[in-house]
Amino acid sequence: MSLQAQKQNLREHLRERLATIPEIDRVELSGKLRALFQKQNVWQNAKIILLFAPHSNEPDTWPLLSAAFTANKIVALPKFMADKNHYIACRVENLERDFSQGQFGIREPNPECIEIPLNRLDLALVPGIGFDTMGRRLGRGKGFYDRLLAQIPGTKCGVCFDEQIVETIPTEPHDVRVNYILTPTRWLEATA
């Protein structure tokens, strides 16, 4: 079986696993995940953070924006640039005014939001379909996030439910690993 086919099979398997988590449990688990994250030194010490707008089947990290604002952190979110076919990071300062529907149906910073150079980010929260304990990540298959992550020298933290941790993720040379993995019950340092 080709590497692409292995990845696609794993994506389908993990999506089926995610579908079994009831919505009420997702809410509770997301709260536990956020609380655990805010206890970590990487969160407490970071000054410029890249967060993300979660899809409905991902842990709800959205309340971390308010927590970051309260902690006087500079917050950026990915914005897809269709003309260049890649993501940039844009600063957000207001939950009411700074967002609109993005290219892939998720919230993104508005055009007025200022771009932050990726090399200035201390910490990036990273969504994924699955992760393994070596920090390997399975994304949605287009490579957009890997290209973004490859330009971020700061700490990268994968975010997922426990059901999304697997023994091994098949990888290709362009796949970018994360330094940590956060679940509702675990804070894992990648063992790579």
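**Entry 1. Terms and model**

I call a residue buried when its relative accessible area is under 20%, exposed when over 50%, and partly exposed in between. Phe144, at 13%, is therefore buried. I am working with a predicted model.

**Entry 2. Aromatic pairs**

I searched the whole structure for aromatic pairs and got eight.

Next I asked which elements hold Phe80 and Phe144. Phe80 belongs to strand β2 (residues 74–81), and Phe144 belongs to helix α5 (residues 144–149). The two parts are 64 residues apart in sequence, so this pair ties them together. I also checked Phe80 for burial. Its relative accessible area is 7%, so I noted Phe80 as buried.

**Entry 3. Charges over rings**

I stayed with Trp43. Lys73 lies over its face, 5.2 Å from the ring centre. I found another case at Trp62. There the charged end of Arg107 sits over the ring, at 3.7 Å from the centre.

**Entry 4. Nonpolar cores**

I reminded myself of a general point: nonpolar side chains tend to be buried together in soluble globular proteins. Then I looked up the cores here. How many residues does the largest nonpolar core have? I counted 51 residues in it. Phe37, Leu77 and Leu121 have the most contacts inside this core. Strand β3 (residues 86–92) gives the most to it, with five residues.

I took Leu77 and listed its contacts, leaving out neighbours within four places in sequence. Among them are Leu50, Leu51, Phe52 and Ala53. Trp62 and Leu65 are also on the list.

**Entry 5. Salt bridges**

I noted that side chains of opposite charge can pair when their charged atoms come close. In this structure I found nine salt bridges.

I began with Lys32 and Glu28. Their side chains meet at 3.3 Å, N to O. Both residues lie in helix α2 (residues 23–38). They are four residues apart, about one turn of the helix. Are these residues buried, exposed or partly exposed? Lys32 is partly exposed at 42%. Glu28 is partly exposed at 46%.

I moved on to Arg91 and Glu93. Their closest N and O atoms are 3.8 Å apart, and they form a salt bridge. Arg91 has a relative accessible area of 29%, which means partly exposed. Glu93 is at 52%, so I marked it exposed.

Then I checked Arg97 and Asp98. This salt bridge has its closest N and O atoms 3.4 Å apart. Arg97 is exposed, at 54%. Asp98 is buried, at 9%.

I also traced shared partners. Salt bridges join Lys7, Glu172 and Asp175 into one network.

**Entry 6. Cysteines**

I looked for disulfides and found zero. A disulfide needs sulfur atoms within 2.5 Å. Cys90 is buried, at 2% relative accessibility.

Cys160 is in no disulfide. The nearest cysteine sulfur is that of Cys157, 9.0 Å away. Cys160 is buried, with a relative accessible area of 0%.

**Entry 7. Backbone angles**

I wrote down a general rule first: most residues other than glycine have a negative phi. Then I looked up two residues with a positive value.

Asn72 has a phi near 60 degrees, and it is not a glycine. I placed Asn72 in the loop between α4 (63–70) and β2. At 70% relative accessibility, Asn72 is exposed.

Asn85 has a positive phi of about 60 degrees. I found Asn85 in the loop between β2 and β3. Its relative accessible area is 41%, so Asn85 is partly exposed.

Conventions:
Residues are numbered from 1 along each chain as its sequence is written. This is a predicted model: local features need pLDDT of at least 70, side-chain atom pairs count only at pLDDT 80 or more; totals for chains, interfaces and linings use all residues. Side-chain values use heavy atoms; hydrogens and water are left out. A nonpolar core is a set of buried Ala, Val, Leu, Ile, Met, Phe, Trp, Tyr and Cys residues joined through side-chain atoms within 4.5 Å. Buried means under 20% relative accessible area, exposed over 50%, partly exposed in between (1.4 Å probe, protein chains only). Contact means heavy atoms within 4.5 Å. A salt bridge is a side-chain nitrogen of Lys or Arg within 4 Å of a carboxyl oxygen of Asp or Glu. Rings of Phe, Tyr and Trp (its six-membered ring) pair if their centres lie within 6.5 Å; planes under 30 degrees apart count as stacked, over 60 as edge-to-face and the rest as tilted. A charge sits over a ring if NZ of Lys or CZ of Arg is within 6 Å of the ring centre and within 35 degrees of the ring normal.
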